[in-house]
Amino acid sequence: MPFRAGVAKSDVAPAEFLMRELLERLRVPLLLVLLATLSLIVLASDRRAMARRADERGLLPGILIELAVPVQKALSLPAELARTGWGRYVALLDVRSDNERLRARIAELQEENLQYREALVESGRLQRIAEMRTDFEAPMRPAQVVGQDVSPWFRSVLVDRGAGDGVRSGMPVVTEAGVVGLVTATSPHAGRAMLLLDAQSAVDALVQRSRARGIVRGDGTDRLSFEFFVRGDDVQVGDIVITSGFGGVYPKGLRIGEVVEVEPPGERLLQRAVLRPAVDFGRLEQIFVMLWRGPTLDLLYEGFGDAPERADAQPQGAPGS
Amino acid sequence: MRPIAVSFALAAVASWLVGAVSPWLPRGGLPDPALLFAIALGLHLPGVRGAIAAWAVGWQADLLSGSPLGLFSFTCLVAWVAARLGERQLALARPVALVPFTAALTIAQAALLVLLDLGPAADDPRTLPVLVVHVLANAIAVSFVSRLVGATASGADAAEAQRSGLRFDAGAPLR
């Protein structure tokens, strides 16, 4: 026994030394494995969420997105101050001439408006249009774009409204010019919206003039691709393309863009046109989140316990359904 | 902690600048700050601190991008490891080696996104021009970012800076 104890005692120090040396050598590789595993776990869970389109962020990603908004706001503050300051200074220089021009324009528009009203009343359509307007109205939440996508491969924006403001994934984002995209992720006070330009975006659409139907896709560039179903469909340069409402994602009648090129059909089954988006995506600042979610997405999200409050989010005669 | 914090802050400022300027330049015409900082950190900041800094810079890119979370933190970590491994074998301190190395990593990152069915579409003819412009932008900017990170990391703990960051071989005798 004393002999064994002696052997064990003499072995302890080298073993400890060996272990310490091994840990020292493996410290960085072990850390790398740990960090890479963590990234891949988050990536896999995020991809799963994207696939089923039910990605209200989990705790950790939610916190990270929450932190991004104040950071982005703080980072963009100097540029914003310089831009608005300069803009106000320049605006002051032209304010008198602008006032005169705008007064004249208001008078013109009032006259024009009066004529339109008269025409509509006479044709008996005013009431119908008023009803349609009620049908199409959904509560809107104004939001500020606080961050653009830094990767050339993704087209999204970070906005300063989140679940705490009633914003949910799957809600359309618009400006006065037309469709911007779709909310794809939210945290309590922030949200991320995928733009129409993103390669993963697809919207069921139709040509306003000829009612030719198809799908508008983003391809990562500043133009949109409109693939219409019937090769002989009447699609011409200058046509306005609007949301059809059939996809159950966007309300019907929102402006998407204008046809700038119709590609020859060639051998393809679907004919393709190129659209100039109605929204200037390079100058996005103020956007509006429609507090409404289409029936398709609503069905999906309700399955995940993410039903928006009905009174707010599902106006009567839900558009697009 | 200082080099990590400074790298993160520099990458944040770079990302903000890219986000602010991007509407006025052609798509892909601006460098990818996260990738470049990860490569530069691989050259100048070895060890645990370098790995954590590269991972943090990747997380920041994840936050500021529409990518799924975790994507850029993973690719930045891979870029850091590649830069550590290539530092001696490819002598990446020389721009003549660093520029093609960065171009290769940029293409590899785009290829990964194509494989994951995210972002670029391989069959879209417009993807290639964006990629070419992006590769050029990264290749032009990498030397500047490397010098910037090098200057930042020079104040780091000398012992940590001199220690080899990655030693996958166990060939050296322990005693």
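Visitor: What makes β8 and β11 of chain A a pair of strands?

Guide: The rule is that two strands pair if DSSP finds at least two bridges between them. Five bridges join β8 (residues 224-228) to β11 (residues 271-277), both in chain A. So they count as paired, since the rule asks for at least two bridges. The two run antiparallel. A:F228 stands opposite A:Q271, and A:E227 stands opposite A:R272. This is a predicted model, in which local features need pLDDT of at least 70, side-chain atom pairs count only at pLDDT 80 or more, and totals for chains, interfaces and linings use all residues. Residues are numbered from 1 along each chain as its sequence is written, while chains are lettered from A and ligands numbered from 1 in the order in which they are written.

Visitor: How do you know that β7 pairs with β8(A)?

Guide: Five bridges join β7 (residues 213-218) of chain A to β8(A), and these strands run antiparallel. In β8(A), A:F228 is the bridge partner of A:G214.

Visitor: What do the strands of chain A form in the order β6-β7-β8-β11-β10-β9?

Guide: They form a closed barrel of six strands, with antiparallel pairing. From one strand to the next the twist averages 40 degrees. Such angles run from 0 to 180 degrees between N-to-C directions, and the axes are lines fitted to C-alpha atoms, for helices over the stretch in contact.

Visitor: Which residues make up the covered face of β8(A)?

Guide: A:L224, A:F226 and A:F228 do. A:S225 and A:E227 make up the uncovered face.

Visitor: How many helices and strands does chain B have?

Guide: Seven helices and zero strands. Helices (H or I, at least four residues) and strands (E, at least two) are DSSP runs, numbered from the N terminus.

Visitor: Why is the span of α5(B) called close to the expected one?

Guide: The expected span is 1.5 Å times one less than the number of residues. Helix α5 (residues 95-115) of chain B has 21 residues, and 30 Å is expected.

Conventions: A residue is buried if 20 or more other C-beta atoms lie within 10 Å of its own, exposed if 12 or fewer, and partly exposed in between; C-beta atoms are placed from the backbone.
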